[in-house]
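The sequence and structure come first, followed by the description.

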Amino acid sequence: MQGFSDGGADLAQLQSTMRTIEVACTSIQMHINPTAAEATILSLAQSPQPYKACQFILENSQVANARFQAVAAIRDAAIREWSFLSNEDRRSLISFCLCFIMQHASSPEGYVQAKVSSVAAQLMKRGWLEFTAAEKEAFFYQVKQAILGAHGVDVQFIGVNFLESLISEFSPSTSSAMGLPREFHEQCRTSLELNYLKTFYFWARDAALSVTNKIIESDAVIPEVKVCTAALRLMLQILNWEFRHDTNSTKASINVFSAVVRHDNASSKRSECVLVQPGPAWCDVLISSGHVGWLLGLYAALRQKFSCKGYWLDCPIAVSARKLIVQFCSLTGSIFASDNGKMQENHMLQLLSGILQWIDPPDVVSKAIEEGKCESEMLDGCRALLSIATVTTHFVFDQLLKAIRPFGTLTLLSTLMCEVVKVLMTNNTDEETWSWEARDILLDTWTILLVPMDGSGGNALLPPEGKHAAANIFAMIVESELKVASASVANDDGDSDYLQASISAMDERLSSYALIARAAIDITIPLLTRHFSERFVRLDQGRGIIDPTETLEELYSLLLITGHVLADEGDGETPLVPTAIQTDFVDIVEAEKHPVVVLSASIIRFAEQSMDPEVRATVFSPRLMEAVIWFLARWSHTYLMPLEESKCHLSHGYDHQHQSIHSRKALLSFFGEHNQGQIVLNIIVRISTMTLMSYPGEKDLQDSWRDLANAFINEKVLFLLSSANQRSLAQTLVLSASGLRNSEASNQYVRGLMVHMTTYLVELSNKKNLKSVAQQPDIIMSVSCFLERLRGAASAAEPRTQRAVYEMGISVMNPVLLLLEVYKHESAVIYLLLKFIVDWVDGQISYLEAQETASVIDFCMRLLQLYSSHNIGKISISLSSTLLSEAKTEKYKDLRALLQLLSSLCSKDLVDFSSDSIEVEGTNISQVVYFGLHIVTPLISLELLKYPKLCHDYFSLLSHILEVYPETFAQLNSDAFAHIVGTLDFGLHHQDLEVVNMCLGALKALASYHYRKMCAGKTGLGSHAAGHGNFPEGIFSRFLRSLLQLLLFEDYSPDLVSAAADALLPLILCEQGVYQRLGNELIERQANPMLKSRLANALHSLTSSNHLSSTLDRVNYQRFRKNLNSLLIEVRGFLRTM
């Protein structure tokens, strides 16, 4: 296939190429030899400079898929060869793509047009930092003319779509991979934001303005509709841009709106709300130009015109217009003048006035939706309220509507949510309907409004009308939840969740309920008290007469709601009494009359009735009792004998504050240590004790658990369980020891549980005829079973049972070594032995004292030596292919276990809970690592490293050892060292990103160690650094060449560049002469004088720019990373075409 620069490509050759690609595309569609067809298409993209052939296919082929593949090939080739192309060639490719989409604007194959548009955008971005401002203007002049309608509606639509593709490419979250560092993408993004984004918005606005009159006046569907829709969509895309360069983002004066802090303080929300903060430069286009009024007017006009057509609300133009309006509600920050929020208030009022018709009156809107009207407009109205609430305070939010209505926005919000909750109650279903979504959005709105902007944790103080609105909605919420609870009794599917599962699922919603309740706490607390009283009376009067299940479920729901209203979750800290409760009831100084005391006392008195066996049997179901215990636990953390009681003081002189402190002191002292606290504590303790004793679940569980432990020790029938179940059972039984009263009891329990297994193995290993006895099938089964159990127990070790599990392992050390020798031909048993030791060492090593550590390390060295001496893990080349595959699998499992053992031993130097240092006993972890490497590494072939888990464990250990014990590598024999270096070279080109990262870290550690030692006048790696075997030029020279080859010529993730830089710097310092020689070789291979000069300058700058020095400190590493990024941007493109 002839390339773009080959002018000799004749027509016949171009037609032949086109037919070949067409046949390949047709073959794929028809599933005729797809592999060969894909190879043919791939060859087009991989050909050097295939541009002329691709352009010919695009312009002449009648097969749409062939045109699609041709433009994809242009993209791949151009990105690959970018640095090799001349400026004229680059501009020509972009111009061709732009001209193509304009000339074929009416083409029915939209996906081909979209692909060409996307390729034009990607190529424009690739050259963005290189093109001059005049060159960019030349491209955009063509696009501007199209967008403004100079060439017709179809071209106008294509022009808008191209800008969508361009902005998508420049946005980090949607950009295409180009094999360039992140800095390149960031520079492009910044440049577009500062210099072009606002201009694009102007063009999109003007495109929409140019067609709206025609749309409104026309009674038929006209092409202008798609232009307007695309323009609205583009404006929305621009407003969704993550603006980062607001040069005047700090607030110059006090602002009643929340520009930057609101969204971080609220609890996790169910609804998305993206803040728009473009900065003051955007004020003219978004605010002062009357743009918002035009947008609202356009939607209102279209809405009125198509009011009889219910489907219109879901049409693309309607959806796009509403989304843009909602996004304008999130506009905030320094785009608004520093006028104490007046400009933003007017902006919000204008939006709210236009949105009102979507949601008001709520009952009429709701009824229309239930009768079949589309709900999307109403939901967008709710989202608009959420956005407005996010960027303002509750006070301003409420005042907005008062400018045009006799009530505030909070009242509208309450009325709207009450209507939504009514619909939920009417249509009680598990299916998520529109009312579910509306409720969640409106709950988020309340949450945003009620969480203070200062993050103090209290509730925002609402005006009287707002409190009334909050009280109304909370009353409706409680009514709704009680109805759901009552109705759940009739649900006979038998699927009832446990209490904690239920609370977890509801916690987010219950927290929002609590915020609303606290906003009108003086109304909502008495309301909850009345609800509880009514149900207490109903239970008392109906006892033995009517079924109490519905009432019990309602009480369950009330307890959850009330628990969240009265107290917060502590999250490890002692939660304070909610601020609203502390500050609201200022006129109440008699503690027994405080509404919170009245409510709490009524619940405690009700809970106390559970002490009566007769009442407990008829009223307190296990589910209700769990809710009672949950409430008492949450409530007691905050109110029972609080620490705050002693801190109450009267230091303020104002009457209101004086009364507030009296009220607060009355509340806190009532359940304090010197008042009712001890009485209430006694009640709660008695209730808790009764619950544990009276509800049979715990007692039955204890009896069953005791029976299971006895069977585990004595019953051979459990040997029939699978190996995984044996291990899991032992693990579970040992973990249960944490429930015993103290550490000694826990350890004694574990000893009794496992002594039978350890005794059996000790006795078996002491038999004189062990070799013959051990081969009996029943003995192999018993040994395997006990090893699985020991492994399960070892993996369950916790600080409380560590001593017993340690003794368990120590007692079978010698038996394990004997069994390792006896079963050297039984690969399954060998693997079980190794896994037991791995899990035991991993769980114990960080707790062991110096002498114990020395014993364990000595045992591990004997284990490794024995494993190696019997040639366990080696594979006979005489095996058949099937047996060879099985042997590799067994060897892989053994080696992975040994690697994990070495990693566990290494962890002692990182995590050590012992009271003395292991150096006290002269124990050196590096010595066992050194010994282990000599044994394990020869067994690890490159073939075995193709097993992902083994590969990951091996390189993880290697990078750790090289970082912590680099001197160990200098002591390895030449064969072991060469083998490890070979595996590093293998890992450096691995497909797994994490493996490559670990190899780069290992190279960094190895080269840094050698360089530092050489600088100190020592030998470093000594003879290992010199050339030998497969590395005649020396290992650092070899890796320097390999790493440069990877960075400059091969495919890799941009995420590797920083790690590669950290490895490359010490390699260059170790082999500065080699680096100069490699650089000269690259320069001499470059025939183009201009590119040769660029390459020479870039290679020189790599080691000289940014004040780079010859030290290996943090600052120098950072400088070198910047230098490497600059090198790759400058030369990687044209080098890959050499």
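## Basis and overall make-up

A residue is called buried when its relative accessible area is under 20%, exposed when it is over 50%, and partly exposed in between, using a 1.4 Å probe and protein chains only. By this definition, buried residues make up 52% of the 1138 residues in the chain. The model is predicted: local features need pLDDT of at least 70, side-chain atom pairs count only at pLDDT 80 or more, and totals for chains, interfaces and linings use all residues. Residues are numbered from 1 along each chain as its sequence is written, and side-chain values use heavy atoms, with hydrogens and water left out.

The chain has 51 helices and zero strands. Both kinds of element are DSSP runs numbered from the N terminus, helices being H or I with at least four residues and strands E with at least two. Contact means heavy atoms within 4.5 Å. Of the contacts between residues at least 6 apart in sequence, 77% join residues at least 24 apart.

## Aromatic pairs

Rings of Phe, Tyr and Trp (for Trp, its six-membered ring) count as a pair if their centres lie within 6.5 Å; planes under 30 degrees apart are stacked, over 60 edge-to-face, and the rest tilted. The structure holds 22 aromatic pairs. One of them is formed by Phe243 and Trp282, edge-to-face at 5.4 Å centre to centre, with 75 degrees between the planes. Phe243 lies in the loop between helix H11 (224-239) and helix H12 (262-265), and Trp282 in the loop between H12 and helix H13 (283-288), so the pair ties together parts that are 39 residues apart in sequence. Phe243 and Trp282 are buried.

The pair of Phe532 and Phe536 is tilted, because the ring centres are 5.7 Å apart and the planes stand at 35 degrees. Both residues belong to helix H24 (residues 521-542), where they are four residues apart, about one turn of the helix. Phe532 and Phe536 are both buried. Elsewhere, ring pairs link Trp128, Phe140, Phe170, Tyr196, Phe200 and Trp203 into a cluster.

## Charges over rings

A charge is said to sit over a ring if NZ of Lys or CZ of Arg is within 6 Å of the ring centre and within 35 degrees of the ring normal. The charged end of Arg126 sits over the ring of Phe184, 5.7 Å from the centre of that ring. The charged end of Lys1004 sits over the ring of Tyr1117, 4.5 Å from its centre.

Helix H48 (residues 1057-1070) contains 14 residues and spans 20 Å from its first C-alpha to its last, close to the expected 20 Å; the expected span is 1.5 Å times one less than the number of residues. H48 is largely enclosed by the rest of the structure, because 13 of its 14 residues are buried.

The axes of H48 and helix H51 (residues 1114-1135) come within 9 Å and cross at roughly 110 degrees. Axes are lines fitted to C-alpha atoms, for helices over the stretch in contact, and angles run from 0 to 180 degrees between N-to-C directions. Angles under 35 degrees count as roughly parallel, over 145 as roughly antiparallel, 65 to 115 as roughly perpendicular and the rest as oblique. H48 and H51 are therefore roughly perpendicular to each other. Residues of H48 that meet H51 include Val1057, Leu1064 and Ile1068, while those on the H51 side include Tyr1117, Phe1120 and Leu1128.

## Backbone features in loops

Most residues other than glycine have a negative phi, and most peptide bonds are trans. The peptide bond from Asp360 to Pro361 is cis, with omega near 0 degrees. Pro361 lies in the loop between helix H16 (342-359) and helix H17 (362-370).

Gln49 has a positive phi, near 50 degrees. This residue is placed in the loop between helix H2 (34-46) and helix H3 (51-60), and is buried, with a relative accessible area of 13%. His1107 also has a positive phi, near 60 degrees, and is found in the loop between helix H50 (1089-1102) and H51. His1107 is exposed, with a relative accessible area of 70%.

Val63, in the loop between H3 and helix H4 (64-81), is partly exposed, with a relative accessible area of 22%. Val63 and Arg19 are 44 residues apart in sequence and 9.7 Å apart in space, C-alpha to C-alpha.

Ser176 lies in the loop between helix H8 (153-170) and helix H9 (182-195). Its C-alpha is separated by 9.8 Å from that of Ser118, 58 residues away along the chain. Not counting residues up to four places away in sequence, Ser176 touches Arg75, Gln122, Glu169 and His185.
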